[in-house]
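Thanks for coming, everyone. Have a look at the model first.

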Amino acid sequence: MKKKLNAKFMLIAAIAIVATAACAIVLFYSILVEQIFDDLKANAHVVSLVGLSDMPKNVKEQFADDGLRITLVNEAGEVLYDSEENEEKMENHRGRPEIERALMTGEGRGMRKSVTSAKHTFYYAMKLSDGTVLRVGKASSSIYNLGFRMAVLIVVVGITVFVICVIFAKRLTLRIVEPIEKMASNIVLVDETEVYEEMRPFISTIKQQHMDILNHAQMRQEFTANVSHELKTPLTAISGYAELIASGMTNEKDTKHFADEIHHSAERLQSLINDIIKLSELDDEDLKLEFEPIDLYEMGRNCISQMELQAQKNEVTLCLEGKPISINGNRTLIEELLYNLCSNAVRYNKRGGTVTIVVAEEDGRSTIAVKDTGIGIPKDQQDRVFERFYRVDKSRSKSTGGTGLGLAIVKHIVAQHDAQIELTSEEGVGTEIKVVF
């Protein structure tokens, strides 16, 4: 990544320098040419004012030293005077572009190779009052030398600037890549205020995802530890009672008692395994559920029918209130949700208490609630009751066969249906858990 960034920065710098140098050379050349023609025009005016015949010899020598060539041509194009060549041997200049233009418009300029001197020359010509044309020329060799020196200077400056750009490009690349390298080593230690503003959302998202992964891994680790602990208890009981029976040291009464305990532990073990499997299925992100229209009131009636025997054992009365209301959901999961809520309401109730299932519509949304008159949940524990293996009354839960996973399963089912869950409870009075679809 560093090499690619450096290469791109250097390429951009090189293109910028070359483009700037080319523009500078073109601009310098155009300004220089314009300046040369302005100088030639000024010299031509000086000569026209002084006159060739009256011009001092030292002035003519100075013009020659400056590389200026003076030519006087009549209207017919015949050369009357030339400071460098013998005018009698020179050909007719009527066809020269600058002279022809001067005869027509009063002045003319040109830049071409001289037929007489075979040098590339700049020309300025002006028509005098007597009808003759005065032309001043200057060979471009000195100009090209100046241009060459300027080009060399531009190249040297360009290379210097490019080297400076390379140094800054490396520093900029290191600064851009530094947060990414820090993230690779330990993303938690990356300070979002130390990076570019544009990178902050990216780093924030990655950090959040990283923390979510760590939390998820920690939850799985805790879940595994809890599963091992919960499975160990009934297995230990089954193994111990079975060993006592196998040893033949128990009488008929003890054997029946131990067999009942083995049966109770086996049922608890089966419940744990079923709930763990259910949670694993709900945790699967690829789980595809089939949704269909479901009558919540009918589901409540079926749940009461299923729970009747358990309620009678606990001397709890089951009631159903409301009216038929349909939702779009998964039938199996909604049955599981209601069973877990009612099972908890019966298990943690008081003798002679009631459990009421209420199907209603609130603000245009379908709701189903399970109310009980049980032991209630302390306020400091209400936020934790949906955690896996969390129990408000651990001794009571184990004695009644609770696994501590029922409400965790409910929470997952609610999430699968894009619903919300609301809990209202008062210690010693009772609990209401409402699901809003």
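Let's start with α7 and α8, which cross in a right-handed way; a crossing is right-handed if the near helix is turned clockwise from the far one by less than a right angle, and left-handed if anticlockwise. Before I go on, this is a predicted model, so local features need pLDDT of at least 70 and side-chain atom pairs count only at pLDDT 80 or more, while totals for chains, interfaces and linings use all residues. Residues are numbered from 1 along each chain as its sequence is written, and side-chain values use heavy atoms, with hydrogens and water left out.

As for the names, helices (H or I, at least four residues) and strands (E, at least two) are DSSP runs, numbered from the N terminus. Two packed helices are described by the angle between their axes and the distance between the axes. The axes here are lines fitted to C-alpha atoms, for helices over the stretch in contact, with angles from 0 to 180 degrees between N-to-C directions.

So what are the values for α7 and α8? Helix α7 covers residues 296–313 and helix α8 covers residues 331–347; their axes come within 9 Å and cross at roughly 45°. The two are therefore oblique to each other (under 35 degrees is roughly parallel, over 145 roughly antiparallel, 65 to 115 roughly perpendicular, and the rest oblique). In this contact, meaning heavy atoms within 4.5 Å, the α7 side includes L296, M299 and C303, and the α8 side includes I334, L338 and C342. By class, there are ten nonpolar, four polar and three charged residues. For that count, Ala, Val, Leu, Ile, Met, Phe, Trp, Tyr, Cys and Pro are nonpolar, Asp, Glu, Lys and Arg are charged, and the others, Gly among them, are polar.

Now for another partner of α8, helix α10, residues 406–416. This pair packs at an angle of about 145°, with axes 9 Å apart, and the crossing is left-handed. L333, L337 and L341 are among the α8 residues here, and they are part of a contact that includes L407, I409 and I413 of α10. The class count is eight nonpolar, three polar and one charged residues.

A nonpolar core is a set of buried Ala, Val, Leu, Ile, Met, Phe, Trp, Tyr and Cys residues joined through side-chain atoms within 4.5 Å. The largest one has 37 residues, and L337, I368, V370 and F437 touch the most other members. Which element gives the most to this core? That is α8, with eight residues. Apart from this core lies another, of 18 residues, with V33 and L68 among them.

Let me finish with two loop residues. D363 sits between β9 (354–362) and β10 (365–372), and D363 is exposed at 80% relative accessibility. Its phi is near 55°, a positive value in a residue other than glycine. R96, in the loop between β2 (79–82) and α3 (97–105), is buried, with a relative accessible area of 10%.

Note on methods
Buried < 20%, exposed > 50% of the residue type's maximum accessible area, 1.4 Å probe, protein only.
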